[in-house]
Amino acid sequence: MSFSQNPLKCAYPPSLPAWKALQTEAQQARTKTLKEYFSNSPSRTHELSYQLSSLSIDLSRHHIDQRIIGKLFDLADESYLTDAIRVLFSEQASNHTEGRAALHMALRGHVGPPDFIDAVQSCHEKMAAIVDALHQQHWLGYSGKAINTVINIGIGGSDLGPRCVYEALHPYHNPILSLKFVANIDPADLADTLSNSDPETTLFIIASKSFTTPETLSNALAARQWLQESAGTDTDISNHFIAITARTDRAQKFGINEDNILPLWDWVGGRFSLWSAIGLPIALATSFDIFKQLLAGAAEVDKHFSEAPLRENIPALLALLEIWYVNFWGCQSIAVLPYDHHLRLLPDHLQQLTMESNGKCVRRDGTPIDYNTAPVLWGSAGTIGQHSFHQMLHQGTQMIPVDFILPLSSHQPNQAQHAQMVANCLAQAQTLMEGLTSTEVANNLAAEGVDASTIEALTPHKVMPGNRPSTIITTAKLTPQSLGSLIALYEHKTFTASVILGINAFDQWGVELGKKAAASIYDALVNPGTPPANPATATAIDQYYQQHQ
Ligand code: F6P
């Protein structure tokens, strides 16, 4: 790994004229209601709705107008965003602390140098051949039976992305293979999955860019033991393993045949890798052609992001909107609420994408940061959240901007029930925006015949502040192509935010210390007599021993 010079120009945001101007804008904007924006501009919905690929993005329910948007794009200009996008799409080390390019776009479109494009093409050929062999039931296990179950063992970007897309494309699943995912080092995760799997017909994908991640290697070893115990110690079980990794040497040392190893490259970050061979489970569950449609949807957004005039750049606008709330309104989190059961894992994937990318406190030049960077990203499928945390969204003390994701038609025949889903999503966006004043509450209670003293006591509790902003991203239907566009939209939003904040979105040094500490604490657990320096940990370990005497 080699540190390289930072190829991006980095302004210090609070010193920028646009940053100062936005501070003034925010003071004024706080005095305006969302309703006022609409009354001042009847064409607001049309004016603030954008089309990108198969996505429609409605920003009308935000504390913005063209003046504020102009200042936000001034901030992008003063942050050298256009140049940063050019660097991202080049072979330069956008990930300078690891000396690597960040060219995940090359996985899904003709982007990057010819040798990258060739490498991706040959990887696709190998993926397609594996998909075909398994779908044709030509891939046999140690006892001669055709493989019918594939278990992906990976974690982080080697799990969350493929798992999210696998679930989202449920309507496109083929019945040939059963796909399962194991990620946690808790033995229960693998055990639960193996308990209803047949070793004779099960294939494991060991997905790990580094091939050193403890959770993945621990599960891979346990899986191999499970298989060997079933097959017998002298039986060759190598055909039950595929590896997806940038470290072929380590995979071969584990005992995986070179023919069963699919490549990953240093210029693909883990949280950006579902478009690579890491996405093999997606292709196995559906088809290689559907996987290519996913890639195509992302490539459309790449083209827009790299070519659109800055002030028409939609991923950039979404990033600027987040910075507007986080750095000028004091918002600490954003909620992503997919109103689609099969998209329920999208927040999990976007958590890693945004929080592992932009959860940083040091600028690209190594100087400490004295402004907010990534917000907490969280969420779950609607309408589930309406019966869980929406109370806080409506009447909590924090303003939490919401991204609603809403396919407008369902793969399911019950269209009436899907219309209820749509109605709930729109109702949440509307009530977050409008709220309910004390006068409206009192009038409603009076109309219900509630007595005056109860009205006086109850009204404050029923007032809804409103003015809570939301984005609604719709698509006609959740397809491989629209899903690819949606995820790529968030990838480029994340990168844009990192540029304006002056941080490296592509490294993750913050996870190293915990890994090292876990290794030394594990040693203390299994080798009594070597107490750790930390007194709290030492006490916890004593309690662990007491439980296991
Ligand atoms: O969380 C740290 C991390 O390195 C992620 O960035 C990555 O996606 C995950 O662990 C798994 O890494 P690997 O694919 O190398 O096993």
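## Notes on pockets, ligand and cavities

1. The second largest pocket has a volume of about 450 Å³, and it should be kept in mind throughout that the model discussed here is a predicted one. This pocket is lined by 21 residues, among which Asp340, His341, Ser410, His418 and Met421 are the closest to its centre. Helix α16, made of residues 415–434, gives the most to the lining of the second largest pocket, with five residues. Divided by class, the residues of this lining are seven nonpolar, 13 polar and one charged.

2. The largest pocket has a volume of about 1,400 Å³. Its lining takes in 42 residues, and those that lie nearest the centre of the pocket are Ser210, Thr212, Thr213, Glu512 and Lys515. Two or more residues of the lining of the largest pocket come from each of the elements α9 (214–231), α14 (346–358) and α20 (512–526), and α20 gives the most, with five residues. By class, the lining of the largest pocket holds 17 nonpolar, 14 polar and 11 charged residues.

3. An N or O atom in the side chain of Thr213 is 2.5 Å from an oxygen atom of the ligand. For Ser208, an N or O atom of the side chain is 2.7 Å from an oxygen atom of the ligand, and for Ser210 a polar side-chain atom likewise lies 2.7 Å from an oxygen atom of the ligand. Taken alone the ligand exposes 390 Å², and the protein buries 86% of that area.

4. About 120 Å³ of space lies in the largest cavity, which is lined by His62, Leu318, Leu321, Glu322, Tyr325, Ile334, Pro401, Asp403, Thr471, Tyr490 and Lys493. The elements that give two or more residues to the lining of the largest cavity are α13 (314–328) and α19 (480–501), and α13 gives the most, with four residues. By class, the lining of the largest cavity has six nonpolar, two polar and three charged residues.

5. The second largest cavity holds about 60 Å³ of space. The residues that line the second largest cavity are Leu55, Leu343, Ile405, Leu406, Pro407, Ile473, Thr474, Thr475, Leu478, Ser482, Leu483 and Leu486. Strands β10 (402–407) and β11 (470–475), together with α19, are the elements that give two or more residues to this lining. How does the lining of the second largest cavity divide by class, and what is the count of charged residues? There are nine nonpolar and three polar residues in the lining of the second largest cavity, and no charged ones.

6. The peptide bond from Gly382 to Thr383 is cis, with omega near 5°, and Thr383 lies in the loop between β9 (376–378) and α15 (390–395). Ser53, a residue other than glycine, has a positive phi, with a value near 55°. Ser53 is found in the loop between β1 (49–52) and β2 (55–58).

Methods. Residues numbered from 1 in each chain as written. Predicted model: local features only at pLDDT ≥ 70, side-chain atom pairs only at ≥ 80, totals over all residues. Heavy atoms only, no water. Polar contact = N/O pair within 3.5 Å; in protein donor to acceptor, adjacent residues only side chain to side chain. Areas by Shrake-Rupley, 256 points an atom, 1.4 Å probe, with all protein chains shown as cover. 1 Å grid on protein atoms, 1.4 Å probe; cavity = no way out; pocket = protein on both sides within 12 Å on 5 of 7 lines; lining within 4 Å. Points joined across faces, edges and corners; volume = space filled by probe spheres on them. Nonpolar A, V, L, I, M, F, W, Y, C, P; charged D, E, K, R; others polar.
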